[in-house]
Amino acid sequence: LTGYPREELINRNPRILQAGPPDDAFYAEMWGHLGRRGFWRGDLHNRRKDGSYYLQETGITAVTNALGLRTHYIGFAEDVTLLRQSQQRLEYLAYHDALTQLPNRLLLADHIRLALAAARREGRHVAVCYLDLDEFKPVNDLWGHAVGDQLLVEVAGRLKACVRAEDTVARLGGDEFVVVLHNLSADTVEAAAQVRALGDKMLCQLRQPYLVGGQEHHVTASVGATMLDPDQASVEDLLKQADLAMYRAKDAGRNTLRFFDPDMQEAVNQRALLETELHDGLRNGQFL
């Protein structure tokens, strides 16, 4: 286990195996537990004689004499490096999409719940955007699922590049993605405008050509958006609302974004019209 012959270890302090500087807090907790319970079990990061590192599961038991005084300790050790790596990989796969490495539905739900809690605490808006690729099925049918999978990985990368570090990009499966936009403006109309701007950015990036398998492919996306109501909405309700809005985007001709709330959609449309008229007014000298 250690790479040392027994004669080099007998009568030596076990810290000879310790990897890196000692973690005083960790060892204080370990000895404190031993003092209270007489037993400790946990993982230690150790180093073999050849310098290689391994993770060692260790159990230590205090041994007492007839008077109840501790005379020594007995410990066991097992190399659990591969076991812990496998456990970490399984845990990762339980919460991430195997193809794109994005959060899956389970982890997405946690992120939305955290977003709701932050919205209640900070008074700022959060939005959920539901994206479905347009005309993705022909890519799989004509070029095969390997090409389709590569295209989905490219889509995931473009979406992550569009949003901010605090935002969440998840894949629900197939060609469906969800983006959670955190920390938007406290003003509802301003927050909706931020969603529109980020949505337009995503749509612009997704409709750029994809070079996959030596062939150029073209897909667009339909996006449905809903603003989180921290006092009423549940995770499933929010996903349903964004999904319904996505189908409105499909009905509107695809390659566009629609809000679940018609009033919010109208407010965003009015703001976009105002911005257009302001640009036209500046260009045409219509301001006095």
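**Salt bridges, cysteines and a helix pair**

Arg15 is exposed, with a relative accessible area of 57%. This residue of the predicted model sits in the loop between α1 and α2 (24-37). Some way along the chain comes Ala62, 47 residues from Arg15, and the C-alpha atoms of the two are separated by 18 Å.

From this one charged residue, the description can turn to charged pairs. Side chains of opposite charge can pair when their charged atoms come close. The structure holds 19 salt bridges, and a few of them are worth a visit. One joins the side chains of Glu8 and Lys49, with 2.9 Å from N to O. Glu8 belongs to helix α1 (residues 6-9), while Lys49 belongs to the loop between β1 (39-47) and β2 (53-64), so this pair ties together parts that are 41 residues apart in sequence. How accessible are the two partners? Glu8 counts as partly exposed, at 31% relative accessibility, and Lys49 also counts as partly exposed, at 43%.

A second salt bridge is formed by Glu57 and Arg41, whose closest N and O atoms are 3.4 Å apart. This pair, too, links distant parts of the chain: Glu57 is in strand β2 and Arg41 in strand β1, 16 residues apart. Is Glu57 buried or exposed? At 14% relative accessibility, Glu57 counts as buried, because the cut-off for buried is under 20%.

Asp141 forms a salt bridge with Lys137, and here the closest N and O atoms are 2.8 Å apart. Both residues lie in helix α5 (residues 137-143), and being four residues apart, they are separated by about one helical turn. Asp141 counts as exposed, at 53% relative accessibility, and Lys137 counts as exposed at 57%.

Next come the cysteines. How many disulfides does a search of the whole structure find? The search finds zero. Cys162 is in no disulfide, and the nearest cysteine sulfur, that of Cys204, is 8.2 Å away.

Helix α4 (residues 105-122) packs with helix α8 (residues 235-251) at an angle of about 100°, and their axes are 10 Å apart. The two helices are therefore roughly perpendicular to each other, because angles of 65 to 115 degrees fall in that class. Which residues of α4 and α8 meet? On the α4 side they are Arg105, Leu108, Ala109, Ile112, Arg113 and Leu116, and on the α8 side Val235, Glu236, Leu238 and Leu239. The residues of this contact divide into seven nonpolar, no polar and three charged.

Terms used. Residues numbered from 1 in each chain as written. Predicted model: local features only at pLDDT ≥ 70, side-chain atom pairs only at ≥ 80, totals over all residues. Heavy atoms only, no water. Salt bridge = Lys/Arg side-chain N within 4 Å of Asp/Glu carboxyl O. Buried < 20%, exposed > 50% of the residue type's maximum accessible area, 1.4 Å probe, protein only. Disulfide = S-S within 2.5 Å. Axes fitted to C-alpha atoms, helices over the stretch in contact; angles between N-to-C directions. Parallel < 35°, antiparallel > 145°, perpendicular 65-115°, else oblique. Contact = heavy atoms within 4.5 Å. Nonpolar A, V, L, I, M, F, W, Y, C, P; charged D, E, K, R; others polar.
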